[in-house]
Amino acid sequence: MKLYWAPKTRSMRLVWMMEELGQPYERVKIDIGDEASKANPAFRTASPMGKVPALEDGAVRVWDSGAICAYLADQYPAKELAPPVGDPQRAEYLMWLMYTNSVIEPAMAEKFANLKPNPSAYGWGSWEQMLLVLRKGVEKGPWVLGQRFTAADVLLGMSCIYMRQFKLLGVEPILDAYAARCMERPALQRAMAIEAAG
Ligand SMILES: N[C@@H](CCC(=O)N[C@@H](CS)C(=O)NCC(=O)O)C(=O)O
């Protein structure tokens, strides 16, 4: 497998995911500030928008951190990073797997842009609604599905870590405790070392 990535980007989700999977893979660094680097044809086949992360796996080309996490978790069922089809927790897993890219990220954009909240019209609800639902989801723990750590935690955990780093959060003991549990995972620690090494 080949992962197109760049440090300090959403690629971190996939570096963590790869470390959880423990499968051999190659990282190909893309300089997202450099059009020539982004023009790499193999990269653009995997990522038509020129965004990282993107993945090559045999004949498969896939981009978007949520889609890649979903793909990998299903592709390597032995790693138990997704409840399989037919499992009673599958639907809840899918809902949380989508939550980062379909709710948290647009809500973060609302916050950054200081948009007037319009929760019944905006698909992500609002920044406040997003936090309320996320807190309820991770409160009991240790993971969003309870005892089972899944790819959904990779996406949600990175979101909690980044929202804190971006100084978007006030006092958030539940989200901070969840992020701290994520930070204890050896796979995330390895991913952070990889990112720090650039
Ligand atoms: N929905 C995508 C967003 C990816 C994305 O926007 N990546 C940014 C870096 S964090 C990027 O590659 N930007 C470069 C560009 O758009 O030119 C995902 O979650 O993977």
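Helix H5 bends by about 55° at Tyr-99, the bend at a residue being the angle between axes fitted to the seven residues ending there and the seven starting there; helices (H or I, at least four residues) and strands (E, at least two) are DSSP runs numbered from the N terminus. The model is predicted, so that local features need pLDDT of at least 70 and side-chain atom pairs count only at pLDDT 80 or more, whereas totals for chains, interfaces and linings use all residues. Residues are numbered from 1 along each chain as its sequence is written, and side-chain values use heavy atoms, with hydrogens and water left out.

The 24 residues of H5 (residues 90-113) should span 34 Å at 1.5 Å a residue, in agreement with the 34 Å between its end C-alpha atoms; the expected span is 1.5 Å times one less than the number of residues. Tyr-99 is itself among the buried residues of H5, which also include Trp-96, Thr-100 and Glu-105, where buried means under 20% relative accessible area, exposed over 50% and partly exposed in between (1.4 Å probe, protein chains only).

Ten salt bridges are present in the structure, each defined by a side-chain nitrogen of Lys or Arg within 4 Å of a carboxyl oxygen of Asp or Glu. In one of them, Arg-10 pairs with Glu-105, with the closest N and O atoms 2.9 Å apart. Because Arg-10 lies in the loop between strand E1 (2-5) and H1 and Glu-105 in helix H5, this pair ties together parts that are 95 residues apart in sequence. Arg-10, Arg-13 and Glu-105 are linked in a network of salt bridges.
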